[in-house]
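Welcome! Have the sequence and the 3D view ready, and try each exercise yourself before reading its solution.

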Amino acid sequence: MKKIMLISFAVILSSITFVNCTQSGETANDEEAAKKVYVAPGKYDEFYAFLSGGFNGQVSVYGLPSGRLFKIISVFSQNPETGYGYSEETKPMLMTSYGYIPWDDAHHPELSMTNGVPDGRWLFINANNTCRVARIDLKSFETAEIIEIPNSGGNHGSPFVTENNEYVIASTRFSVPIPEKDVPISSYKENFKGTLTFIKVDPHNGDMSIAFQILVPGLDYDLAHAGKGPSHDWAFFTSYNSEQANSLLEINASKNDKDFVAAVNWKLAEKYLAEGKGKKMQTTYYNNFFDEKTLTAKSNKITSVTILNPKDCPGLIYYLPTPKSPHGVDVDPSGEYIVAGGKLSTVIPVHSFSKMLKAIEKKDFIGDKDGIPILRYESVIAGEVENPGLGPLHTEFDGKGYAYTTAFITSEIVKWKLGTWEVVDRIPTYYSPGHLCIPGGDSKNPWGKYLIALNKITKDRYLPTGPELCQSAQLIDITGDKMKILLDFPTVGEPHYAQAIPADIIMKNNQRIYELEKNENPNATKSEKYARVERKGDEVHVYLTATRSHFKPDNIEGIKVGDKVYFHVTNLEQDWDIPHGFAVKGSNNSELLIMPGETKTILWQPQQEGVYPFYCTDFCSALHQEMQGYVRVSSAKSNTKISFN
């Protein structure tokens, strides 16, 4: 109990101040660091880094080692920069069973893999709030699909992929009544359950579908990782709140010395499904995807999901006792070691996969949780890393036999050796790192050159900007015996987690234009000679073309107050890096940003008579300012006919 009180005090202390780091890490001198991160004009960075935007709901793309920001990919939040979520073509991407949700909390990007190595095809990322998983196509750096997760209260332990993208796995942070119903919150232990979700990924086009869910006891499931190599058939999920408390969790969910890592045999789940052990449950969720032919999003409403109950499926899932309130669960490149980051633990426990199998074979159980066997801690533990810093959260690997763990409370990265579990180096970060990222650091083949610390606090690191300071990442050189900080770079939103991959893997497949001839958007205008304006009752459809440096048509009359005016804008360019923008004065919608060969539609409903300018918002040529036009809006009773030129 005394230990618990001391640790809890440390946690409380961390909430009011950050720890003054005194560890022995090294910082490269300015000249050395500058040389290592400098990318000369015209030269490319070595790695792409994809950082989650956290509460901005997007993904940010940076270059490493420079830390230069390249793009913000629109995913779960409307983005007025591109018109994502505002245009008619993209609105369906944000449909859910709760209606149109234009925001979310994006946490964990995860690269697709082939044979356990990132392949640069897709990037998956979760929506934590309204439970969703998105797939980003890394040819175009655009969101290609979003699937909603039913029976989930918070999609936090998500989306982590198996070795060949057989599944994207996800777990619910908040257990909830399943199916949802009106029950007293005080009946948590009786009525609340969790789910572990397995999303099937089409190996050819990446299309996602929910294969099955596993109904699990009502704990809080935090993070996950799939096995690799010998543990290929398994997936691992951390959980806390084994007390199943429902209030004051900072106290009531921190009483037990150990919580659990849940180990799931998904190959066995497939066998049980084939035997008909899965049961259909009525529910509602959406699968939204972007049609590459029409360049238009579509929504499918789905009304059932297949559930596996561990009570009907012996051997499907086991609990590994894990101290204490574990956050990350990370599998080393060999697939043998399962590392858990117990945020209130004084050690980092490392489970052995082979020992786990032996313990299962011997039925070396100490009890069960709702029928799920709990394995004996001493029988499955490979070792404990001592003195790992306070608040260990997340671990990745360099492929050279070393692991690196973030210590949130003591604000440091701790390097330790697999097998001996000895700490060999530590370096302060500024401040409070949650996750960290090594390129390929959660795969079978890490490119262990850099480490990115994803910090929560940046006091005194940048020019102040009022009460809100920028969030940041730090680039650390891990090529030598001692880690060295090379660079601080500000980030967009909350850099919760990141993935990085050598740039040449992605660049070779880069998409430069949308071929105009293949544009099957029904509102596409593929030549200026087809540009036109058509009235259909109170709807007016403007089929507009954009090229350097004009719109066609550029003078439109006959619009009436209250009309629904749809501007269908086609960018006729077939040249890389020549998008055009479109905006009309007084619109309460957004602009559009249209890529070469693409068609996008924006809805405008004028409320007052007048003459409204429209213009290109993306500087495209020397005569960009001349790329403009006018819309004349008359009274609702006007007899002004549609005309244009």
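Predicted model: local features only at pLDDT ≥ 70, side-chain atom pairs only at ≥ 80, totals over all residues.

**Exercise 1.** Is Thr322 buried or exposed, and which side chain does its own side chain meet in a polar contact?

*Solution.* 
- Step 1: Locate the residue. Thr322 belongs to strand 21 (residues 317–322).
- Step 2: Apply the cut-off. Buried means under 20% relative accessible area. Thr322 counts as buried because its relative accessibility is 0%.
- Step 3: List the contacts. Leaving aside neighbours within four places in sequence, Thr322 is in contact with several residues, including Lys258, Phe260, Ala340 and His351.
- Step 4: Look at the polar atoms. The side chain of Thr322 makes a polar contact with the side chain of His351 at 3.0 Å. A polar atom of the Thr322 side chain also lies 2.9 Å from the backbone oxygen of Leu320.

**Exercise 2.** Where is Ser77 found, and which backbone oxygen does its side chain reach?

*Solution.* 
- Step 1: Ser77 sits in the loop between strand 4 and strand 5 (95–96).
- Step 2: With a relative accessible area of 4%, Ser77 is buried.
- Step 3: Its side chain reaches the backbone oxygen of Asn56 at 3.0 Å.
- Step 4: Not counting residues up to four places away in sequence, Ser77 touches Asn56 and others, among them Tyr84, Leu94 and Trp103.

**Exercise 3.** Which element gives the largest share of the lining of the largest pocket?

*Solution.* 
- Step 1: Start with the space. About 1700 Å³ lies in the largest pocket.
- Step 2: Find the centre. Of the 47 lining residues, the closest to the centre are Lys71, Ser140, Phe141, Asn510 and Gln511.
- Step 3: Compare the elements. Those giving two or more residues to the lining include strand 4 (69–73), strand 10 (142–148) and helix 8 (503–507). Strand 4 gives the largest share, 4 residues.
- Step 4: Sort by class. The lining has 21 nonpolar, 9 polar and 17 charged residues.

Definitions and conventions
Residues numbered from 1 in each chain as written. Heavy atoms only, no water. 1 Å grid on protein atoms, 1.4 Å probe; cavity = no way out; pocket = protein on both sides within 12 Å on 5 of 7 lines; lining within 4 Å. Points joined across faces, edges and corners; volume = space filled by probe spheres on them. Nonpolar A, V, L, I, M, F, W, Y, C, P; charged D, E, K, R; others polar. Buried < 20%, exposed > 50% of the residue type's maximum accessible area, 1.4 Å probe, protein only. Contact = heavy atoms within 4.5 Å. Polar contact = N/O pair within 3.5 Å; in protein donor to acceptor, adjacent residues only side chain to side chain.
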